Amino acid sequence: MKNYNRAFFDEYTKLDDLCRQMFNSSKGVTQYIESMESTSYKKRCNIPDWDSDLKMLKQYRHIRNNLAHTPGEFHRDICVQYDITWIQMFYERILKRKDLINKINGIFLNL
């Protein structure tokens, strides 16, 4: 059995740490989601993938929370390779300042 859950959890943790640095906040991915949600419709309406990225981030935060807080969850396959790859690609988009928040609000990483 491949341990996709562990790989997902590790990649999500890496993304969460990057978001903590980006926003100088302890909330990480949650802060990123909140920033997306507080962006006006006028700013985001013509940005492709805005809604789908927001949906994925919320879904992945939920999966991460299940893995972290539900006993035995790591022993049941709830992640697939696509989930890991998506998190890795989103991480790279932030590093390259090609993510949605950087495009809209001009936030620069505090790295």
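This is a predicted model: local features need pLDDT of at least 70, side-chain atom pairs count only at pLDDT 80 or more; totals for chains, interfaces and linings use all residues.

I started with the face of α5 turned away from its buried side, and found the exposed residues Y82 and M89 there. For my own reference, exposed means over 50% relative accessible area, buried under 20%, and partly exposed in between (1.4 Å probe, protein chains only). Helices are DSSP runs of H or I with at least four residues, numbered from the N terminus.

Residues are numbered from 1 along each chain as its sequence is written, and side-chain values use heavy atoms, with hydrogens and water left out.

Next I listed the buried residues of α5: D83, I84, W86, I87, F90, Y91 and I94. They cover an arc of only 160 degrees around the axis, so they sit on the same side of α5. That arc is taken from the directions from the helix axis to the C-beta atoms.

Then I checked the length. α5 runs over residues 81-95, and its 15 residues reach 21 Å from first C-alpha to last, close to the 21 Å expected. The expected span is 1.5 Å times one less than the number of residues. Just after α5, I found R97 with a positive phi of about 60 degrees.

On to the rings. I searched the whole structure and got six aromatic pairs. Rings of Phe, Tyr and Trp (its six-membered ring) pair if their centres lie within 6.5 Å; planes under 30 degrees apart are stacked, over 60 edge-to-face, and the rest tilted.

How are the rings of F8 and Y60 arranged? I found them tilted, 5.4 Å centre to centre with 55 degrees between the planes. They link distant parts of the chain, since F8 is in helix α1 (residues 4-23) and Y60 in helix α4 (residues 50-69), 52 residues apart. F8 is buried at 0% relative accessible area, and Y60 is buried at 0% too.

I looked at F23 and Y32 as well: their centres are 5.9 Å apart and their planes at 80 degrees, so this pair is edge-to-face. F23 is buried at 18%, and Y32 at 0%.

Putting ring pairs together, I got a cluster of F8, Y12, F23, Y32, Y60, W86 and F90.

Notes. Helices (H or I, at least four residues) and strands (E, at least two) are DSSP runs, numbered from the N terminus.
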